[in-house]
Amino acid sequence: MPAHRSLEIGTGLFVLLGFAALGFLTTQLPGGKLGFVDASNGYRVTARFDNVGDLKNGAPVTMAGVKVGRVTSVAFDSTDYKAVVALSIDRQYDRIPDDSWANVETAGLLGAKYVGIDPGGSETYLADKSQIENTQSAMVIEKLVNKLFAAFAGKSGGSAKEESHKP
Amino acid sequence: MNGAFAASLARFGSVALFLLRVLRACGPALARPRLIAHQVYNCGARSLIIIMLCGLFVGMVLGLQGYDLLARFGSESALGVAATLGLLKELGPVVTALLFAGRAGTALTSEIGLMRATDQLTAMQMMAVDPMRRVIAPRFIGGLIAMPLLAAVFNVIGIFGAQLVGVTLLGVDQGTFWSQMQNAVELSDVNEGIVKSLAFGVICSLLAVYEGYNAVPTAEGVGLATTRTVVASSVMTLVIDYMLTAAFLKA
Amino acid sequence: MTRDLVVDVRNVHYGVGSRKIFDGVDITVERGSITAVMGPSGTGKTTLLRLITGQVAPASGTVQVFGDDVAAMRQRALFALRRRMGMLFQNGALLTDLNVFENVAFPVREHTRLPEPLLRRLVLMKLHAVGLRGAALLMPQELSGGMARRVALARAIVMDPEILIYDEPFVGLDPISMGVVCRLIRQLNDALGITSIVVSHDVQEVSSIADRSYLLAGGKVIAAGSSEELRATPEPAVRQFMEGNADGPVPFHYPAGDYRAQLLGSEDLT
């Protein structure tokens with residue numbers, strides 16, 4: 001009975017496909033690692049930040065606005081309370097001075113965080129497994145607003161009161 | 001007006017009673033997996049192509065519209081989140097249910113209606129075979145199984161459709177698209193969609209078999225029943241969608 | 001009682017809404033006989049079959065099959081009873097998604113766990129009995145009306161029922177198919193000892209095979225007996241039906257208002 005057989009195969013394929021889709025949705029979307037991005041083709045550099053904001057795995061790394069690599073991991077180092085960010089940088093960009101600055105920046109006012117690199121003046125370049133020493137943390141909007149308020153309050157004469165709030 | 005209200009109330013009641021009869025027949029029907037598999041094929045595999053095609057285009061439209069909207073706030077990087085949540089929680093289950101009603105629901109209704117019109121259901125009863133168990137319950141269960149699977153396929157294709165437009169065409173960073181999404185989407189969002197599509201599976205399959213079973217046994221009657229299946233399934237899908245959404249937001 | 005009654009319908013009243021269909025009907029069917037129920041269209045012949053098979057219950061009176069009251073049965077008992085009956089529907093009512101072989105095998109598969117080789121042999125034997133063994137792999141859509149009815153007949157006898165019920169077995173058949181079906185009914189009855197009930201308005205065919213006939217009209221049995229007895233009845237209503245006259249006790253005109261008054265437009269069409 002070939003008709004019977006093909007029907008069974010069709011049913012099986014459909015159910016398999018359906019469950020594969022369900023599996024993809026449940027395992028790959030929430031907190032999944034699958035990014036459909038090839039990060040193996042770069043060299044690895046780390047940077048330590050006081051605060052990375054909500055920098056995510058997979059976020060781009062740019063220089064002068066051009067993407068040169070991406071973030072491959074964001075971890076917390078409990079010895080010095082810093083965020084350790086691993087970057088994968090494309091091999092073609094192998095002349096980045098090792099005294100460059102790595103900054104966590106924001107795309108637009110509300111956009112996602114990314115890592116921007118400002119080149120330094122050193123003659124030696126970043127290599128695989130090296131570390132960027134100069135880092136600048138993410139701008140956290142609330143802190144910025146607080147600072148703004150403080151400055152404003154200081155100008156209008158209430159700075160002592162404002163300062164006393166700060167531990 | 002009063003009569004119309006009473007009529008629609010009676011219809012609700014009769015559908016609810018029919019559901020009880022179907023559920024009672026489901027137990028024995030589960031012992032015949034081959035019959036159910038056949039119906040999973042009829043409802044699911046045969047709707048697969050149309051579901052995939054529509055999923056692709058719905059995802060692509062989400063990519064375009066989402067990008068346009070988010071770009072106004074400078075947050076295109078959230079495109080992956082927006083498109084995925086939109087698909088998972090709303091468009092996936094709802095559009096799948098609407099397509100299911102139009103493709104599989106009508107097929108079920110007209111098939112059962114024709115069986116009624118040509119005395120096949122009565123003939124089964126005369127052969128001491130309960131059509132509720134042999135015909136209705138397997139189709140109901142088949143539709144119930146097929147719906148969440150179809151919705152899942154729809155969602156996956158839709159997400160890749162949104163990526164196709166957002167990343168390949170509009171230049172959103174691929175890593176951002178996925179990483180933002182994977183960090184924002186939670187398992188509860190996925191589950192919400194699955195619960196919804198299960199609920200739609202119940203209502204769409206139930207209405208399809210109900211209308212077929214109770215069709216006036218003429219060509220015209222079956223045609224009318226088919227139309228009623230599409231209309232009632234679509235309306236009920238959207239009504240239940242609102243109720244479930246409200247319930248999930250409260251929880 | 002000396003006669004062995006299989007079906008005993010006594011003083012049955014039945015109506016749908018305000019329309020009365022049966023107004024005190026008595027019909028008995030003896031074991032091993034062919035009993036015909038004849039009557040003009042719309043006299044409730046099919047309804048009678050639905051009463052006998054327990055699809056509907058009478059308003060008053062009793063319907064007994066094998067000595068048990070059908071109307072009092074619950075689904076389980078009713079299904080047990082129906083396994084002892086076979087029924088042939090007007091259009092055959094074959095399951096359209098199964099081929100001829102699977103249609104005949106359907107009741108066997110549903111009710112027994114017969115091993116496949118045995119089932120195959122059984123189905124082929126029944127198909128052979130109706131002369132359609134060669135059509136086993138055709139789909140119902142590919143059959144002519146007469147063939148579909150013969151397949152349905154094979155399906156009806158596959159469980160070896162004690163009673164076979166035919167609902168209008170001759171409608172829409174060409175003369176050859178009609179003769180074939182006629183012969184089959186007689187053969188099955190004689191060879192298998194089945195009790196047959198044939199509902200029809202094809203007087204010629206039915207009276208050629210029936211042992212006893214009932215003539216229904218106006219909700220009552222207006223004549224009963226062998227074909228010869230019916231033909232010899234002087235009763236005008238019986239004669240009208242047996243001879244096929246257009247007008248008579250069963251009027252040509254549906255009840256209507258005054259013809260002249262209506263044509264002159266003074267009376268509404270009600």
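A contact is a pair of heavy atoms within 4.5 Å. In this predicted model, chain A and chain C do not touch, and their nearest C-alpha atoms are 11 Å apart. Local features need pLDDT of at least 70, side-chain atom pairs count only at pLDDT 80 or more, and totals for chains, interfaces and linings use all residues. Residues are numbered from 1 along each chain as its sequence is written, and side-chain values use heavy atoms, with hydrogens and water left out.

**Confidence in chain A**
- The mean pLDDT (the predictor's confidence in each residue, from 0 to 100) of chain A is 80, and 82% of the residues score at least 70.

**Cysteines**
- There are 0 disulfides over all chains, a disulfide being a pair of cysteine sulfur atoms within 2.5 Å.
- B:C54 is in no disulfide, and the nearest cysteine sulfur, that of B:C204, is 15 Å away.
- B:C204 is also in no disulfide; the nearest cysteine sulfur to it belongs to B:C43, 11 Å away.
- B:C204 is buried at 1% relative accessibility, while B:C54 is partly exposed at 22% (buried means under 20% relative accessible area, exposed over 50%, partly exposed in between, with a 1.4 Å probe and protein chains only).

**Salt bridges**
- The whole structure holds 31 salt bridges over all chains, each a side-chain nitrogen of Lys or Arg within 4 Å of a carboxyl oxygen of Asp or Glu.
- C:R31 and C:E162 form a salt bridge, with the closest N and O atoms 4.0 Å apart.
- C:R31 lies in the loop between β2 (19–30) and β3 (34–38) of chain C and C:E162 in the loop between α5 (145–157) and β7 (163–167) of chain C, so the pair ties together parts 131 residues apart in sequence.
- C:D190 and C:R186 form a salt bridge at 3.2 Å between the closest N and O atoms; both are in helix α6 (residues 175–192) of chain C, 4 residues apart, and therefore separated by about one helical turn.
- B:D68 pairs with B:R72 in a salt bridge (3.0 Å, N to O); B:D68 is partly exposed at 38%, whereas B:R72 is exposed at 63%.

Methods:
Chains lettered and ligands numbered in written order. Helix = DSSP H or I, 4+ residues; strand = E, 2+ residues; numbered from the N terminus.
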